[in-house]
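Let's take a walk through a protein model together. Have a look at the picture first, then follow along one piece at a time.

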Amino acid sequence: MEYKRLGKSGLQVSRLSLGSWLTFGKQIGDNTADDLMTLAYDHGINFFDNAEAYAGGKSEEVMGEVLKKKGWRRDSYIVSSKVFFGADGGMKNLKPTQVGLNRKHVVEACHQALSRLQVDYLDLYFCHRPDKQTPIEETVWAMHNLIQQGKVLYWGTSEWSAQEIMEAHMVARQYNLIGPTMEQPQYNMFVREKVEVEYSQIYKTVGLGTTIWSPLASGVLTGKYNDGFPEGTRLGIEGLEWLKDRSLAEENLAKVKQLTALSNDMGMSMPLLALAWCLKNDNVSTVILGASKKEQLQENLKAIEAKENLTPEVMEKIEGILGNKPEH
Ligand code: NDP
């Protein structure tokens, strides 16, 4: 495994990490969750990603049970939570005080995550989306205070604009508070703008770290949807029709077919090509993997070595197929 500093912080995060969205507490059984975390940890993955909203809080409970059962030293892994959407499985059932980035919810959601995960502190705590209903200043103060209390070590954002991240830093500077360390954006062969262009300045100015999500575009970039719709996969899950419609655009599938041909020529699997491509970006601190089966994770863990096969010539071929390089 390789490790990298999370932005300008001194925290060394494994370049591959493991997430739990749609899998833990939902698509997979608790034993599989245990198997995945164990395999990950044994291969040097040190970061497990979670959020209050995943499976309405169940994902954190499952992860917490595994952490407790395994008894891994607390100083050997990094665990996260995220606040914004609430934990009752869907905004519509939640009261206005149970969502957002106001001080009340940020603090209460932290306490609830600590209890579900059965840990004393969160290593990383993300604002899961920007909140137009709360001044950024209030959120920065709330995060800073949680850090002062030892309940959180580093805080960050997810899917914030560069401008919003900078505003948080300005507030932090003004009041001598701790600003955000990392952002969690989507990044994969189809979604590139934020990571490659929008944040390009703030990697340098504030030393932003990134923990990227959906590196395989929910599985589409494995090539498994190239020839029809396989049974028992994420995009077939009831209630995720929105994700299915968004993910299986004809234009994208046509590109995956060409990429799959390229990966076959190289004697490399399509998931590895797509994951290694994300790792090639030096502004990516860690690629968060998702997996519903142990074999998938076993395969995806090889992405670190696979990176070496992505020579400048191969990267150029990939660029030619994608045809979506964002303009600076
Ligand atoms: P991916 O895009 O990599 O999708 C993972 C899914 O793809 C797996 O669950 C599996 O689904 C399929 N898959 C993975 N590897 C293989 C393989 N080798 N062969 C075949 N199929 C494979 O990542 P996620 O979308 O899961 O995102 C990763 C993590 O990022 C999440 O767990 C979460 O922690 C975080 N995240 C954060 C968000 C945010 O807003 N901050 C939003 C979304 C995710 P299946 O077997 O069902 O097809």
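Which residues in H11 are buried? Before the answer, a word on what you're looking at. This is a predicted model, where local features need pLDDT of at least 70, side-chain atom pairs count only at pLDDT 80 or more, and totals for chains, interfaces and linings use all residues. Residues are numbered from 1 along each chain, as its sequence is written.

Now for H11. Its buried residues are Met270, Pro271, Leu272, Leu273, Ala274, Leu275, Ala276, Trp277, Cys278 and Leu279. A residue is buried if 20 or more other C-beta atoms lie within 10 Å of its own, exposed if 12 or fewer, and partly exposed in between, with C-beta atoms placed from the backbone. Helices (H or I, at least four residues) and strands (E, at least two) are DSSP runs, numbered from the N terminus. Since 10 of the 10 residues of helix H11 (residues 270–279) are buried, the helix is largely enclosed by the rest of the structure. And what do those residues pack against? They sit against S9, H10, S10, H12, H13 and H14, where a contact means C-beta atoms, placed from the backbone, within 7 Å.

Let's follow S10 next. Both of its faces are covered: Thr286 and Ile288 are buried on one side, and Val287 and Leu289 are buried on the other. Strands pair if DSSP finds at least two bridges between them. S10 runs parallel to S3 (residues 16–19), joined by 3 bridges, and Leu18 has Leu289 as its bridge partner. S9 (residues 209–212) also runs parallel to S10, with 2 bridges, and here Thr211 stands opposite Thr286.

Stay in S9 for a moment, because Thr210 is found there and it counts as buried, with 23 C-beta neighbours inside 10 Å. Thr210 and Asn283 are 73 residues apart along the chain, yet their C-alpha atoms are separated by 6.9 Å. Not counting residues up to four places away in sequence, Thr210 touches several others, including Met182, Val195 and Asn283.

Last stop: the ligand. Of the 28 residues around it, Gly19, Trp213, Leu216, Gly219 and Gly290 come nearest; being near means a C-beta atom, placed from the backbone, within 6 Å. The elements giving two or more residues to this shell are strand S10 (286–289) and helix H12 (294–300). H12 gives the most, with 3 residues. By class, the shell has 9 nonpolar, 14 polar and 5 charged residues. Here Ala, Val, Leu, Ile, Met, Phe, Trp, Tyr, Cys and Pro count as nonpolar, Asp, Glu, Lys and Arg as charged, and the others, Gly among them, as polar.

Note on methods
Two residues are in contact if their C-beta atoms, placed from the backbone, lie within 7 Å.
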